[in-house]
Amino acid sequence: MKAGGKSRRKYALRSLRSQLLARTLLILALLLVLIGFLQYFLMKDFLYRSRAEAMDTQLNSIPADLLIKDSQEQSGVTAPQEQTNRRNNRPGPFLFWPDMSLASIDTDGTFQSLSNENGLKPPRLTTEQYHAMQQSKRMRHGYQLITDAQGKEQLVVFRPLGPPDRSSGLLQMGVSTTSMQEQLINQLRTFILLSLIALAIGLALMLPVLRRTLVPLSRMVEAVKRIDAGNLAERFDAEQGQYEVDRLAVSFNGMLERLEHSFAAERELQMQMRRFIADASHELRTPLTSIHGFLEVLLRGAASNPKQLLSALESMYGESKRMNKLVSDLLLLAKLDRTPELKLEDISLDALLLEMKPQLLMLAGTRKVVFDMTAGIRVLAEGDKIKQVVLNLFHNAVQHTDMEIGVIQVNLSAGKKLVDIQIRDNGPGMSKEQLERIFERFYRGDESRTRSSGGAGLGLAITQSIVEAHGGNITAESTPGTGSVFKVTLPLAGTV
């Protein structure tokens, strides 16, 4: 049970659905975190700027006679006693907001707090900073964050005292940022809570959506489980509404089709190989049995009889020739089954057939041979191999025609790209079943006649392999009682 539970958990963690869900939620979480940070900093700047503008408005609303010294006192023309009275009568600290501070800075850098005891202690900058601020024309824009003596952060704005052309100092107002920080934190908490709720809702919605989305893949997995070497006919639906899955299904179907063809070809090749081995063993066994029998006869005393000895030797010689030809044909077929190395040359077919004419007439004996050839036909081929094709087909026609009334026709013609060599006879012909197997190895349509003439059923198979190695094709047509025709088609020179 524990092993099964671990396996299921491992499968769940490695499944495409869980990975898509986890990665999607991770991306959403990262986006929400990014949005949260952006919202926090943008909202912070917005709150601080808004509060700074409000404080600037408050500074402008404070009566000037409460903040500015008399001009005569500033210029020094007021009597000392009057100056003293003015200083004594100047209003003291009047700001009573508990979270705000107010201070004035004279032109000489004298700092005076205008907040009462219930207000904040105003933070103080250096004299050089105040001098630089009084000389700056952009003093009224923006704000500064300054930490006071108690370690509290204040948002501070400044404005000049008096008109711009004769400023008598600076007025500084500050407000604690604690309330604004709390407001930002509350907003951030609300955003985090809403983000978690959104992720939970997204998780609940995405699970069935992903499950439905991955249904085509699940079907393909089940179909793949049903596929094995003996069942390659399974095919996937190539129109499931998902482009990637459809492409995968098409690729799988193509692979299965190739595998099915490969397995079928392999099975056919194995059957042919078994049949080939059986036929070759049978063909080789016959001459070996004959030779073995004659040797036994000779060993029993026939060797002392000249007539019996001569007869046995002639029979063994004939069987050895037959076995030698069979082995040669098998070796030739083995070479042709591999990629054949042909010595191709531009040859004239009509000249090649005219060169073979005496040999063909000798093979025909008393049979009538008719030649009908078109001159000037050239092909790219190996001359000796083409001669072997013609000899095999002509010899096959000789074997299946009567010596007295037999007629064999050799025709050569050409089209735009192909050349045809036809060898026709008026023999007994072949049935449909024989035509279907005529090019199989070791197949003999007429067992008795072919075996008596020494054939092993390899001639037409060799002929087909040679023709196909030249990029051509060979076909056979026959009607029982009227004869047969073998047609070899080769590409003309310059068209390959």
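This is a predicted model: local features need pLDDT of at least 70, side-chain atom pairs count only at pLDDT 80 or more; totals for chains, interfaces and linings use all residues.
Axes here are lines fitted to C-alpha atoms, for helices over the stretch in contact, and the angles between them run from 0 to 180 degrees, taken between N-to-C directions.

**View 1. Helix H10 packs against helix H11.** Sort the residues of the H10 and H11 contact by class and you get 12 nonpolar, two polar and two charged.

**View 2. Helix H11 also meets helix H14.** H11 (residues 383–399) and H14 (residues 459–469) have axes that come within 9 Å and cross at roughly 145°. This crossing is left-handed. From H11, look for Lys 385, Gln 388, Val 389, Asn 392, Leu 393 and Asn 396. Facing them from H14 are Gly 459, Leu 460, Ile 462, Thr 463, Ile 466 and Val 467. By class, the contact of H11 with H14 has six nonpolar, five polar and one charged residues.

**View 3. Arg 378 and Asp 346 form a salt bridge.** Side chains of opposite charge can pair when their charged atoms come close. In this pair, the closest N and O atoms are 3.1 Å apart. Arg 378 sits in strand S8 (residues 378–381) and Asp 346 in strand S6 (residues 345–348), so the bridge links distant parts of the chain, 32 residues apart. The structure holds six salt bridges.

View 4. Check out Ala 381: its C-alpha atom is 5.3 Å from that of Glu 345, though the two residues are 36 apart along the chain.

**View 5. A nonpolar patch lies on the surface.** Its members are Leu 193, Leu 194, Ile 197, Ile 201 and Leu 205. Together they have about 490 Å² of accessible area. To find your way there, go to helix H6 (residues 178–213), where Leu 193 is found.

Notes
Residues are numbered from 1 along each chain as its sequence is written. Side-chain values use heavy atoms; hydrogens and water are left out. Patches are made of residues with over 30% relative accessible area and no salt bridge: like charges are joined within 9 Å, nonpolar side chains (Val, Leu, Ile, Met, Phe, Trp, Tyr) within 5 Å. Accessible areas come from the Shrake-Rupley method with a 1.4 Å probe; for residues, only the protein chains shown count as cover. A salt bridge is a side-chain nitrogen of Lys or Arg within 4 Å of a carboxyl oxygen of Asp or Glu. Helices (H or I, at least four residues) and strands (E, at least two) are DSSP runs, numbered from the N terminus. A crossing is left-handed if the near helix is turned anticlockwise from the far one by less than a right angle, and right-handed if clockwise. Contact means heavy atoms within 4.5 Å. Ala, Val, Leu, Ile, Met, Phe, Trp, Tyr, Cys and Pro count as nonpolar, Asp, Glu, Lys and Arg as charged, and the others, Gly among them, as polar.
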